[in-house]
Protein chains: 2
Amino acid sequence: MTYAAPLRDLRFVLEELVGMDAVAALPGADHVNAELVAAVLEEAGRFAADVLAPLNAPGDKAGARWDDGAVTTAPGFADAYRRFVEGGWNALSCNPEHGGQGLPKSVAAGVEEMWNAANMSFALCPLLTRGAIEALELTGSDAQKALYLPKLIEGSWTGTMNLTEPQAGSDLAAVRTRATPDGEGRYRIQGQKIYITYGEHDMAENIVHLVLARLPDAPAGVKGISLFVVPKFIPDADGRPGARNDIRCVSIEHKLGIKASPTAVLAYGDAGGALGELVGEANRGLEYMFIMMNNARFQVGLQGLAIAERAFQQARAYARDRVQGTEAGVRGGGRVPIIRHADVRRMLMEMKARIEAMRALGIVTAHALDLAQAGQDAGAQARADLLIPIVKGWFTEQAGDIASLGVQIHGGMGFIEETGAAQHLRDARILPIYEGTTGIQANDLIGRKVARDGGRAAHALAAEMRATAERLPESGELAGLRAGLLSAVSLLNACTDWMVATYGTDIGAASAGAVPYLKLFGTVAGGWQTARAAMAAAARLEGGDNADRDFHQAKIGTAQFYAAHVLAQAGAYAHQVMHGAPATFALTDDQIAA
Amino acid sequence: MTYAAPLRDLRFVLEELVGMDAVAALPGADHVNAELVAAVLEEAGRFAADVLAPLNAPGDKAGARWDDGAVTTAPGFADAYRRFVEGGWNALSCNPEHGGQGLPKSVAAGVEEMWNAANMSFALCPLLTRGAIEALELTGSDAQKALYLPKLIEGSWTGTMNLTEPQAGSDLAAVRTRATPDGEGRYRIQGQKIYITYGEHDMAENIVHLVLARLPDAPAGVKGISLFVVPKFIPDADGRPGARNDIRCVSIEHKLGIKASPTAVLAYGDAGGALGELVGEANRGLEYMFIMMNNARFQVGLQGLAIAERAFQQARAYARDRVQGTEAGVRGGGRVPIIRHADVRRMLMEMKARIEAMRALGIVTAHALDLAQAGQDAGAQARADLLIPIVKGWFTEQAGDIASLGVQIHGGMGFIEETGAAQHLRDARILPIYEGTTGIQANDLIGRKVARDGGRAAHALAAEMRATAERLPESGELAGLRAGLLSAVSLLNACTDWMVATYGTDIGAASAGAVPYLKLFGTVAGGWQTARAAMAAAARLEGGDNADRDFHQAKIGTAQFYAAHVLAQAGAYAHQVMHGAPATFALTDDQIAA
């Protein structure tokens with residue numbers, strides 16, 4: 001159950017599919033080059049492998065523990081977090097203005113994959129802190145920024161997002177938590193929030209809660225929700241954590257996975273009201289949360305990639321180690337490791353091909369986020385906005401499938417908890433749910449990202465995919481990729497047109513096809529990236545690069561596997577999108593239960 | 001988390017897709033009619049819902065406990081088992097010659113679905129006992145039959161199958177357990193067996209282990225394995241459990257799911273050798289196990305159907321209960337239960353369509369098993385043999401997907417263990433592994449069931465599917481099913497031909513396509529059954545049957561959903577089968593890990 005960071009592939013994606021020049025051209029990134037990136041990745045990989053990964057299985061077993069409002073994290077977590085902060089890892093991609101290191105997101109994405117692959121329960125803590133940092137950077141007052149950002153960026157304080165309430169899950173219009181002005185410019189918060197990741201723990205000296213609540217005069221629905229910053233300990237004039245705020249951790253959840261990450265139920269204001277400050281303008285809380293959620297959703301997509309990579313590493317190690325049976329068609333041969341059996345190989349290749357497609361698409365998306373932030377590329381924001389629900393939805397759906405293949409490769413051993421393969425499956429199961437279910441992502445995709453601009457951004461991206469396909473040679477090793485990608489892009493375009501046309505006339509039908517459309521988009525975009533990777537690898541091989549010969553040849557074979565096994569599913573998704581809606585609504589509610 | 005047996009659908013499948021006349025025409029079944037079947041199903045449904053289902057979640061939580069070689073099952077299990085035996089349920093489908101009730105398998109399958117849906121951990125115990133009964137019926141001596149069968153059929157003794165050893169999982173050629181003649185006609189068994197379901201427990205007065213072991217002079221490999229019956233307590237001359245045999249339960253496994261079902265590690269012969277008798281002829285143990293395994297594999301397929309049904313019942317209840325958001329496209333409407341949201345509906349329909357396809361195919365397969373046993377229909381055995389790996393492999397792969405959809409419909413609640421949705425996912429995860437992984441099933445399918453007879457049985461079944469498709473009307477409500485089924489059957493035939501041709505020349509390539517072929521076969525066969533169901537329902541509606549109008553209309557809509565969403569995947573599977581092998585082998589072992 002060791003973990004080795006996929007350094008070679010991360011470098012390949014950054015160098016060949018994004019380009020170090022493009023990264024270095026970002027504002028404030030002129031010092032970034034291949035050597036620096038390699039050094040950062042290597043160092044992070046060492047921390048992930050040596051410090052975080054060994055705590056993953058024990059953390060699952062011990063879990064986080066609640067006792068009378070206090071939460072004790074699993075043995076080793078607090079110490080690992082201290083080392084994480086001391087190493088400066090928390091500040092890696094943060095704004096240098098407040099003490100961050102300003103590493104581009106495309107590079108940081110590789111590092112964040114590592115934290116999550118090594119120990120997803122642990123990595124959730126800094127992931128949530130980054131969300132809080134982003135919200136305060138975007139919308140906080142100067143005083144709030146000065147008070148909170150240095151601590152959050154350093155990591156000595158951690159952050160949370162408080163959205164959900166028992167009656168308000170995906171439907172935030174139903175939020176009931178109230179904020180009452182205290183007459184001195186601050187607010188008293190009262191209400192119950194659930195599913196608060198790292199809402200209470202013992203790893204940092206303070207916890208900064210960002211809380212959605214309603215002002216007394218707020219309109220009903222989503223337009224009456226404001227954002228508040230509510231610290232666990234109220235900082236004094238010097239920014240030192242002072243009095244305990246009126247926030248109580250009522251319990252933590254007993255979950256299927258990520259058991260070392262405490263999921264808190266928080267009661268605000270049982271003793272009169274938790275003291276908080278308004279962040280940004282009143283009644284714009286949901287809008288702020290959505291800005292911040294964009295990045296959080298991207299991060300959750302990376303978690304999907306990460307857990308898939310971890311499951312793959314464990315499964316391939318087992319497949320090379322476990323000896324069982326003889327090789328099919330080989331008479332008189334001895335017993336072989338199960339990696340020699342065709343179906344085990346097929347499963348490993350399925351994992352590998354999907355993972356490499358995700359990694360490439362994830363980092364390309366991170367680069368679009370970098371470009372959008374830099375404001376130099378007009379299409380970048382639309383590109384990033386389009387890709388984020390795909391990264392979140394498609395990566396996380398695949399993560400579960402890949403973790404399940406990891407269990408399958410282990411056979412009976414996979415079902416035994418001590419093996420560790422099952423933990424990845426359990427951990428992965430939250431990913432298509434939190435930060436918006438796959439259904440929510442898909443509705444965001446078809447509505448705000450596709451229908452709203454009449455399919456412009458989607459068609460622009462598809463045009464790039466088609467251009468890639470057309471650059472694929474018509475003969476030779478890569479020729480087989482060409483026809484598959486061209487036809488998949490055509491299906492995607494047809495579905496985009498269908499979606500744009502249908503969204504305005506029959507939103508129910510459009511929504512019924514939303515998840516298949518999201519999966520289609522991800523599948524085709526993954527085919528695009530694996531084809532780009534194969535072309536780049538072929539160019540290296542032609543250029544006589546022998547040092548990485550095996551790696552580059554594998555890229556080509558992996559792209560071919562992706563085309564034959566994954567991209568081949570595009571037709572079914574397209575059929576579901578364009579022909580699946582009537583039957584989705586054919587039955588009454590009662591008939592569904594008949 | 002209540003359970004209600006799907007009585008209406010079970011009756012529909014038996015009456016419309018098998019036919020009560022066909023059931024009653026079986027030898028010894030002339031008393032079986034629709035009323036009797038309805039009464040049996042209803043009574044079993046009551047027992048499942050009232051006695052077994054309430055123990056499912058508590059059983060998961062408590063688990064089975066090991067202490068110094070003894071296993072205590074979860075609270076309530078022993079009492080429920082006593083009532084199960086007293087109710088005569090264990091003997092339902094057993095041979096009347098030894099006290100069974102001789103109910104046809106097609107009817108018993110419905111009852112077995114219920115036991116497993118209500119409580120899979122519990123149902124595993126009688127499932128394994130049935131396996132032992134079948135082995136002894138087929139191969140035991142008259143004395144063994146007289147001694148063991150009445151007790152096993154009654155259920156006062158339970159049975160186990162002991163195949164696996166640490167080094168011998170899927171590869172039974174590697175079995176090392178030894179059997180040494182004791183000079184008095186019996187044998188001393190020594191060795192370690194793992195993954196023994198209900199290998200030790202407190203629910204019955206004796207446990208009858210069927211054990212694979214090697215005689216001293218046995219040839220190496222699978223042709224040197226013999227079958228032994230080794231009771232926990234050695235029966236005296238009157239058949240009363242006497243001296244404790246030399247079998248020790250070393251531990252039970254800590255598993256992802258089915259936690260109330262003890263999975264034992266058994267040490268045979270630590271104190272000199274466990275006393276056992278040879279069953280059947282020496283060195284034919286594997287052959288006997290395979291006969292018996294056919295039925296066990298069918299039963300595990302039913303478990304997949306069962307757990308899917310349970311997950312569906314829970315998800316649809318939640319979807320009707322949980323209010324969240326407003327209906328898309330409805331302005332000014334209030335909040336609605338989430339079943340009104342298109343994507344939740346799509347997921348529920350996906351569950352329902354796959355479940356009903358499985359139930360129909362499962363019971364049709366059970367009827368083929370009945371016909372094969374009766375020996376009246378020459379093709380029935382080949383039909384049953386062909387379908388069993390499909391039922392085992394396809395049902396169990398779907399079970400995981402369906403249980404996962406059940407979690408997804410619950411959103412964040414699905415990830416909380418108390419909700420119960422996650423248990424179904426955990427329980428279901430063993431199904432594509434035990435009694436032979438999906439890879440093993442698929443190799444059995446392409447080798448023994450398809451290639452060996454040159455595709456004859458497969459083509460015969462496909463011809464029936466095509467005949468069904470051709471009976472579908474070319475206009476009207478059912479016309480849409482026709483083209484999809486015809487084209488899917490053509491793909492299946494093309495893949496069968498490819499498989500037969502390739503198996504002999506390139507077994508590696510054939511094996512690489514084996515699982516996609518199995519899934520293709522299941523998918524098309526499911527489309528066949530749902531189309532048959534739709535036709536039967538349409539005939540009832542045309543005939544003016546208004547009592548079940550909703551049920552019959554739902555059958556048609558469900559078949560349409562299956563065609564648009566599930567059968568649509570046939571093309572991708574066929575592509576994987578016929579074009580996916582080269583890329584599966586494109587990388588070296590080292591490159592897969594590169």
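In which helix of chain A is Q144(A) found? The views below start from that residue.

**View 1. Q144(A) in helix α8 of chain A, in a predicted model.** Q144(A) is found in helix α8, which covers residues 142-154 of chain A; helices (H or I, at least four residues) and strands (E, at least two) are DSSP runs numbered from the N terminus. With a relative accessible area of 4%, Q144(A) is buried, a word that here means under 20% relative accessible area, with exposed meaning over 50% and partly exposed in between (1.4 Å probe, protein chains only). Leaving aside residues up to four places away in sequence, Q144(A) touches L149(A), V229(A), E277(A), L278(A) and V279(A), contact being heavy atoms within 4.5 Å. A polar atom of the Q144(A) side chain lies 2.8 Å from the backbone oxygen of L278(A).

**View 2. Two annotated domains of chain A.** An unreviewed UniProt entry places "domain: Acyl-CoA dehydrogenase/oxidase N-terminal" at residues 39-155 of chain A, a span that is 67% helix and 5% strand and whose end C-alpha atoms lie 22 Å apart. The UniProt feature "domain: Acyl-CoA oxidase/dehydrogenase middle", also from an unreviewed entry, is placed at residues 161-266 of chain A; this span is 0% helix and 45% strand, with its end C-alpha atoms 12 Å apart. Such annotations may be inferred rather than shown by experiment.

**View 3. The interface between chain B and chain A.** Here 89 residues of chain B are in contact with 89 residues of chain A, and the two chains bury about 7,600 Å² between them, 59% of it on carbon and sulfur atoms; buried area is the accessible area (1.4 Å probe) that two parts lose on being put together, summed over both. Eight salt bridges are counted between chain B and chain A, each a side-chain nitrogen of Lys or Arg within 4 Å of a carboxyl oxygen of Asp or Glu, and one of them joins D590(A) and R320(B) at 2.6 Å, N to O. Helix α18 (residues 549-566) of chain B supplies nine residues, the largest share of the side of chain B that touches chain A.

**View 4. Helix α19 of chain B and its cover.** In α19 (residues 570-579) of chain B, the residues A570(B), A572(B), Y573(B), A574(B), Q576(B) and V577(B) are buried. Their cover includes α18 (549-566) of chain A, together with α15 (479-505), α17 (514-542), α18 and α20 (581-584) of chain B.

**Notes.** Residues are numbered from 1 along each chain as its sequence is written, and chains are lettered from A and ligands numbered from 1 in the order in which they are written. In this predicted model local features need pLDDT of at least 70 and side-chain atom pairs count only at pLDDT 80 or more, while totals for chains, interfaces and linings use all residues, and side-chain values use heavy atoms, with hydrogens and water left out.

How values were computed:
Polar contact = N/O pair within 3.5 Å; in protein donor to acceptor, adjacent residues only side chain to side chain.
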